[in-house]
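Hi,

Here is the structure I promised to pass on.

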Amino acid sequence: MSNIKAAFANGKAFIAFITCGDPDLETTAAAVRAAAKNGADLIELGIPFSDPTAEGPVIQGANLRALKGGVTTDKIFCFVKELRRDVTIPMVFMTYANVVFSYGADRFIATCKEIGVDGLILPDLPFEEKDEFQPICRQYGVDLISLIAPTSENRIAMIAKEAEGFVYIVSSLGVTGARSEIKTDLAAIVQVVRENTHTPCAIGFGISTPEQAKKIANIADGVIVGSAIVQLLEKYGKDAPGYIGEYVSSMKNALR
């Protein structure tokens, strides 16, 4: 069992997304620790990119603030290595293919293994082009996590069959951001996924309240929340980790 699958071993998983370096890496570290202490089962660490095509205004803003603050991929690697001294839950990087490609895929993924990053999510990497990175990920034991969108339709089974770590199901068309309601027939997508893989599936994009989380957890194995957490960082800055801990606790309680 990969370290990521262990996040789903004790009931429904709560997955928290945090942009590295917003407003600074010290605050990111405190936010990750607060999330882990309050029930997060897995952390997605966003590596900032100047053109984050899958992100809505909230996470775009976080990317820009982090980049203006001088965060780099190398600084994030050092930061995660330090974080791994006491944070034991699975962690994955979420970034864009160009970040990995420009750094050097072999060097990037080897470093992930070295510092204890368990997986990689690249939202702009089409399933048909994943062979650019997957053999290297497998070489170093880093799960390349697949995304399934409402538009995947007849590709869902194909993507699910080759899934590693967990399947990231995108709840809605469009970009990340809190939504008042989710209209996609997620149960039908999850059914196809489960018919084709034993890899757990988690749903993200648009989930922000405990009520939404509970509803989604009745369908999937886990819930992913990003924008609502990043909004707390935008609002409270260096004081955000305390609020993030309370928020994660409320969301995790909804999944129990």
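Let me start with F77, which is buried, with a relative accessible area of 4% (buried means under 20% relative accessible area, with a 1.4 Å probe and protein chains only). F93 is buried too, at 0%.

Before going further, a word on the source: this is a predicted model, where local features need pLDDT of at least 70 and side-chain atom pairs count only at pLDDT 80 or more, while totals for chains, interfaces and linings use all residues. Residues are numbered from 1 along each chain as its sequence is written, and side-chain values use heavy atoms, leaving out hydrogens and water.

Searching the whole structure gives 10 aromatic pairs (rings of Phe, Tyr and Trp, the latter by its six-membered ring, pair if their centres lie within 6.5 Å; planes under 30 degrees apart are stacked, over 60 edge-to-face, and the rest tilted). F49 and Y96 make a stacked pair, 5.5 Å centre to centre with 25 degrees between the planes. Both of these residues, F49 and Y96, are buried.

F77 and F93 pair as well, in a tilted arrangement at 5.9 Å centre to centre and 50 degrees between the planes. This pair links distant parts of the chain, since F77 is in helix 4 (residues 73-83) and F93 in strand 3, 16 residues apart (helices, H or I of at least four residues, and strands, E of at least two, are DSSP runs numbered from the N terminus).

There is also one aromatic cluster, formed by F8, F166, Y168 and F205.

Best wishes

How values were computed. Buried < 20%, exposed > 50% of the residue type's maximum accessible area, 1.4 Å probe, protein only.
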